[in-house]
Amino acid sequence: MNGQEQKMSMIKIATRKTGVKDLVSVMGSIACGKRYWSGNELAPDIMSAMLLSGTKSRDKKSLNDALENASLALSFSIDSDYLHLATTVPKGKEKLFIEIIADILANSVFPKDEFTIIVERTRAGILESSTDPDDVAWRALTRAYFPKGAIQYKLSAEDRLKLLDTLTLQDVIKAYKELVGLSEINIAIAGDVDEKLWHKEINASFSKLPKKTHKFIPNTAIITPEKNSQNINIKDKTSVNAYWATPIIIDVNSREFRAMKCILRILGGDFVSRLMSEVREKRGLTYHVGASVQGITQGDTGLLYIDATFAPSLHHKGIEATEKVLKDLLDKGVKLSELERVKKAIAGSYEVSLATSRGMAGELLNCLELKRPLSYIEEFPKLIASVNMEEIKKLLIKLKPQRFYRVSAGSI
Amino acid sequence: MSKKAKHPTHKAFAFVREIGGVWEYLMKSNGLRVLISPDHSSATVTLNVVYLVGSRNEAVGHTGATHLLEHLMFKGSKKFNKKTGRTIDTLVFGMGGIANATTWFDRTNYFELIPKSRLFELMELEADRMRNALINEVDRASEMIVVRNEFEGYENNPSDPLEKEVWATAFREHPYHHPTIGWKSDVENMSIERLQAFYNEFYHPNNACLTLVGDVEIKEGLDLVEKYFGHIKPSKNKIPVIYTTEPKQEGERRVAVRRNGELPILMMGYKVPSATHKDLYALEVLAFVLGSGRTSRLYRRLVDGGFASALSVSNQAFRDAGLFMLTVTLNAGIALDNVESLVNAELVRLATEQISDEELARVIYQTKVHQASMRDGSYALTRVLTECIASGDWTIAMLYAKNIEKVSKDDVTRVVKEYMKSDALTVGNFIPKK
């Protein structure tokens, strides 16, 4: 995944029948995320929020009436890589849904008054998040590790408000014209699905979209934080949110990735993980503590992180307890019995996650985006079962010398 | 509606009824109600035990008892504890399904969405902790801090303290007055003896309903329930009855929360009848027309109008009287009284003009689709059944779409006139303090 590649125009469709009757879950992604945009950073967000504001042939009211009269609760969101869409489509509404999506992707309009309203709504969202300890801590963490302008770098609320003040409608229209079209399009459909119908209608409607080719360059650059930690004070908050993170690059289709999944599960992936057992169950210091990874799927440097909440009075003790669990893991490794447990648990969670059409659609979409064969869905339990202690040790040796920078936010 | 024919019989159970593919039985020996709904679309099953005890059953001094007890129910039972080498946490959370417990006004539920092959183990556990939970002081002391941190986490969001104030103001005598998580000082100081007494009062088969949805046949499910729950005796004492009713509200009530924050929030709660009242469905349609989706009246007026950034409207009907709640997060610089006037104007319009055919047709169609989506995996139906069991009639879940279809435009006008009165209103304002 390293280096540069072209996100070419192509439509990939994956379907699966599940037990539900008379509806399907649809999840889609279009490779036109923020990394392909060099203008005002908020323009893609506002563009995505305006995609239900009307098209050349449907004004906003008739567009939303058409969608909701057909029980199509459509939503769009955009991240660094993709414009995402997700909804449930009742039987008989497939053609209408596909036709509307294609219309939105090709013919959206961006009325001035609508722009003004969505800018104000976005301002409200930014203001609200400016006192949310979780959001504040996470954004500060990304700014500690990544250079300004990097796709992983999350601006502060203040900086986003400044950008919002300079954003113009022309920026938004330009983002739509430059980004949205027939680039790599992934569509996953699961449920009571008529496979032929979906393929036929998608290919007929989407192939007419204007072709777009985006240059893809993963960002692997990081900066080294000067200190080991940072506390951010927010008034009147009853709980502190804390994050610890270290940078990681990992191929999501590798054995190493699956070893990492096992390590994360042992560390903080469920209620019987080490962090939950020690920090919550044994010491009663938190309601939530967990471990996960973010931002690794496209070959970028991501963050392997721990997150926790503490009462302000227990913040210090919570930090100590959490860091001790982490240190023990890196110093002493894991037991074979722990590995065997989490391999079964991960396989069990995977099986359960596929038991709804939405869960299945989500996993189909993962396969499309991560270039995995659809047979991965059947193979996954075996792939996880094959993770061995050597792979775990190797990854822990790689992680051990790395620093886990901490950011806490709240009334500290 | 009930079908007495063709139901599988079982010596340990009396058949009650079947509606919409859900089969109800009553265990003859101890009064445990059992709902089974086979769905073989995947090899998973959701086991769920609902106890008819929630914060409704608490009073001052032990508010939050139900929720704290829910946490303690994971600490151990006679067969499942550290000494036996089979702990509840490892069994429930270690196998990789989805498992948890939740508490609300009228109920506490323990559920596990798991591969079918593990069902018997969870049955054994749920049966054991129904009467043999180990509830001790050491666990209470540490879990109290965990629960307090949960409380503190919710309080970080400005809408949480405001919602608590609105309910506490709207309900003065009825226990919906206090939040399910409890008042902080009660959570901190509640004695282990009180929690043990609470457990012994309410955790009995005759105060519970077990649901099994997923890859299980009816006879197979009943056999398992009999095997693991059949020996449990019903409570010796009568399950305590809540007799407190909220007196009629005789005037508008107002409450404000001033705290550090950025955006004002408006909450308006109108008293509405219980979930089993005939007007439930008309009120649900009203909530839909007012606040569901981008085509709803208040979304178009307030969000599209540039006054608000977020909106929700819900008919919060419970076992006893509830609140029809409207919550609006305002855009920066917008005045609360301005938005309240706009909401009131829309309610006046709804009291004087019928909703449109298109609006009613949209609600009916979306409800049908929602009903179909309840059959998407075993957990969705379990979740809806849980709330309906708690409110006193599980069949609401299965007959919902049919009953929504019977609502007329006149019904909606009538419930607006009957319930959206200023005398039955409680208004809450979150006022950001810099």
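A helix axis is here a line fitted to C-alpha atoms over the stretch in contact, and the angle between two such axes runs from 0 to 180 degrees between N-to-C directions. With that in hand, let us look around this structure, which is a predicted model.

**Two helices in chain B**

Start with helix α13 (residues 378-391) of chain B and helix α14 (residues 395-405) of chain B, which pack at an angle of about 105° with axes 7 Å apart. Angles of 65 to 115 degrees count as roughly perpendicular, so α13(B) is roughly perpendicular to α14(B). On the α13(B) side, the contact is made by B:Leu381, B:Val384, B:Leu385, B:Cys388 and B:Ser391, while α14(B) brings B:Ile396, B:Ala397 and B:Met398. Sorted by class, these residues are seven nonpolar, one polar and no charged.

**Two helices in chain A**

Now turn to helix α9 (residues 255-268) of chain A, which packs against helix α12 (residues 336-353) of chain A at an angle of about 100°, their axes being 9 Å apart. That angle makes α9(A) roughly perpendicular to α12(A). From α9(A), the residues in contact are A:Lys261, A:Cys262, A:Arg265 and A:Ile266; among those from α12(A) are A:Glu338, A:Leu339, A:Val342 and A:Ile346. In this contact there are six nonpolar, one polar and five charged residues.

**Where the chains meet**

How much area is buried between chain B and chain A? The area is about 4,800 Å², and carbon and sulfur atoms give 53% of it. Chain B puts 59 residues into the contact and chain A puts in 58 residues.

Between chain B and chain A there are 23 residue pairs in polar contact, both residues being at pLDDT 80 or more. On the side of chain B that touches chain A, the elements giving two or more residues include α2 (88-94), β6 (108-115), α4 (137-155) and β10 (308-316) of chain B. The largest share of that side comes from α4(B), with 11 residues. By class, the side of chain B that touches chain A has 18 nonpolar, 23 polar and 18 charged residues.

**Salt bridges**

Over all chains the count is 67 salt bridges, and five salt bridges lie between chain B and chain A. Here are two that you can find in the structure:

| Residue in chain B | Residue in chain A | N to O distance |
|---|---|---|
| B:Lys75 | A:Glu281 | 2.5 Å |
| B:Arg362 | A:Asp65 | 3.4 Å |

Where do B:Arg362 and A:Asp65 sit? B:Arg362 is in helix α12 of chain B, and A:Asp65 is in helix α2 (residues 60-69) of chain A, so the pair crosses between chains.

How values were computed
Residues are numbered from 1 along each chain as its sequence is written. Chains are lettered from A and ligands numbered from 1 in the order in which they are written. This is a predicted model: local features need pLDDT of at least 70, side-chain atom pairs count only at pLDDT 80 or more; totals for chains, interfaces and linings use all residues. Side-chain values use heavy atoms; hydrogens and water are left out. Helices (H or I, at least four residues) and strands (E, at least two) are DSSP runs, numbered from the N terminus. Angles under 35 degrees count as roughly parallel, over 145 as roughly antiparallel, 65 to 115 as roughly perpendicular and the rest as oblique. Contact means heavy atoms within 4.5 Å. Ala, Val, Leu, Ile, Met, Phe, Trp, Tyr, Cys and Pro count as nonpolar, Asp, Glu, Lys and Arg as charged, and the others, Gly among them, as polar. Buried area is the accessible area (1.4 Å probe) that two parts lose on being put together, summed over both. A salt bridge is a side-chain nitrogen of Lys or Arg within 4 Å of a carboxyl oxygen of Asp or Glu. A polar contact is a pair of N or O atoms within 3.5 Å; within protein, one must be able to donate a hydrogen and the other to accept it, and residues adjacent in sequence count only if both atoms are side-chain atoms.
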